[in-house]
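Dear colleague,

Please find below the structure that I am handing over to you. My notes on it follow, for a reader who has not seen it before.

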Amino acid sequence: MSGEALFKSIVSGEDQSVLGDIARSSLGLLSKGYEKAVSIRNARFDEGKGVTKVIVPVISVGNITAGGTGKTPMVRFICDVLTQKGLHPTVLSRGYRAEDNNKNIIISKDGTMLVEPSISGDEAWLLAKVLQKSNVIIGRERSKSAEIAINELGADCLIMDDGFQHRALARDIDIVLIDASNPFGYEHVLPRGLLREPLSGLQRADIIVLTKVDQVAPGIVSGIRKRLTQMIPNIPVYETTHKPQFMYTLDEWANGSGASVDAYKEQRIMAVSGIGNPQSFTQTLTDVGYNVVHTLPFGDHHDFSNDDVVEIWKQAFAHQADAICITEKDAVKVPGDVVRAKWRIPMYVLSVEVTLQKGQEVFFETLKEQLAAKLGKQCTIG
């Protein structure tokens with residue numbers, strides 16, 4: 001069991017051993033200190049201290065739990081919608097796992113890639129690759145990235161990726177994603193649970209989006225909605241699914257061409273992922289109709305080494321898999337010689353897109369209304 005899997009088994013309560021109980025008690029003490037520090041920080045921002053306001057609308061997409069909730073597909077969806085409405089958005093990413101995110105670096109301009117993944121980090125590079133008409137900038141200080149976006153790239157709106165807790169840059173809309181399969185982070189803040197801050201922080205949200213609702217029972221979704229209504233009664237809640245879009249060979253993905261998601265259904269698949277919620281990836285493949293004979297999860301944001309690749313193929317042979325399937329986020333980090341090599345067992349890349357249950361236009365109208373209310377004037381978007 002990996003360290004990440006062991007941690008989740010402890011904080012979820014799955015590990016009922018004596019050592020598990022001791023670990024939860026110890027983590028609970030650490031959580032109290034973390035929660036106090038977060039509360040002090042939030043109180044400072046609530047008073048407007050250290051907050052920078054820019055001249056164009058800022059939309060934040062974030063979450064309240066650590067781990068994968070589907071931010072990257074959602075940021076892509078919002079950028080695509082805004083681009084269709086005639087805007088020129090720029091994504092501001094922290095650049096997690098970038099070579100140096102203390103610098104503010106333009107990763108792409110109007111869809112043209114300017115750096116390698118090692119410079120930008122995996123999530124920012126993936127966004128830059130798929131956003132053909134937008135810009136992506138990384139940097140720990142989002143206010144500086146915002147200045148670059150407005151003054152150098154001509155951005156007329158900004159999308160802050162993973163921005164809910166990054167409060168130094170003022171935002172006009174806070175969109176918070178909640179993974180329906182683990183909505184409330186085991187009810188505790190880090191490190192006792194997965195909450196980045198107490199659930200009371202949801203009161204700052206303008207729009208809630210429940211992701212991956214197709215991967216849980218309808219009763220669970222209605223239960224989440226009921227609880228959200230009690231906590232934040234006047235906040236609109238949307239539901240999304242992660243719909244498979246294309247299935248690529250690794251070489252096709254690197255070169256921008258792909259096949260139907262159904263193209264390889266007759267093959268036995270081993271699912272490999274280094275994301276926050278590997279079970280979701282496996283579930284997506286199964287829901288499409290693939291026969292997943294084995295799963296091999298790595299830690300979130302895992303950097304695949306050549307030794308990892310050897311282990312992947314060893315396990316694929318051992319489980320008699322016809323092919324290996326990975327996520328787009330992981331494809332960014334597969335060593336280049338693996339992309340170029342011809343292997344007996346092929347490696348495929350599954351791309352997914354966000355699908356809103358109520359439809360794109362309904363969501364966009366809510367976005368417009370929220371922006372108009374925040375900006376104190378008629379929203380000109382769309």
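**Helix α2**

Gly20, Arg24, Leu27, Gly28, Ser31, Val38, Asn42 and Phe45 are the buried residues of α2, where buried means under 20% relative accessible area, exposed over 50%, and partly exposed in between (1.4 Å probe, protein chains only). Helices (H or I, at least four residues) and strands (E, at least two) are DSSP runs, numbered from the N terminus. The model is a predicted one, in which local features need pLDDT of at least 70 and side-chain atom pairs count only at pLDDT 80 or more, while totals for chains, interfaces and linings use all residues. Residues are numbered from 1 along each chain as its sequence is written, and side-chain values use heavy atoms, with hydrogens and water left out.

Among the elements covering the buried residues of α2 is α1 (3–11); contact here means heavy atoms within 4.5 Å. Helix α2 covers residues 18–46, and its 29 residues should span 42 Å at 1.5 Å a residue, which agrees with the 41 Å between its end C-alpha atoms. The expected span is 1.5 Å times one less than the number of residues. Just after α2, glycine 48 has a positive phi of about 85°.

**Helices α3 and α5**

Helix α3 (residues 71–84) packs with helix α5 (residues 122–130) at an angle of about 30°, their axes being 10 Å apart. The axes are lines fitted to C-alpha atoms, for helices over the stretch in contact, and angles run from 0 to 180 degrees between N-to-C directions. From α3, Thr72, Val75 and Arg76 meet Glu123, Leu126, Leu127 and Val130 of α5.

Strand β13 (residues 347–356) holds serine 351, which is buried with a relative accessible area of 0%. Leaving out residues up to four places away in sequence, serine 351 touches Lys243, Pro244, Gln245, Phe246, Tyr248 and Glu328.

**Cysteines**

A disulfide is a pair of cysteine sulfur atoms within 2.5 Å, and by this rule the count is zero. The sulfur of cysteine 157 lies 7.4 Å from the closest cysteine sulfur, that of cysteine 79, which is too far for a bond. Cysteine 157 is buried, with a relative accessible area of 1%, and cysteine 325 is buried at 0%.

Yours sincerely
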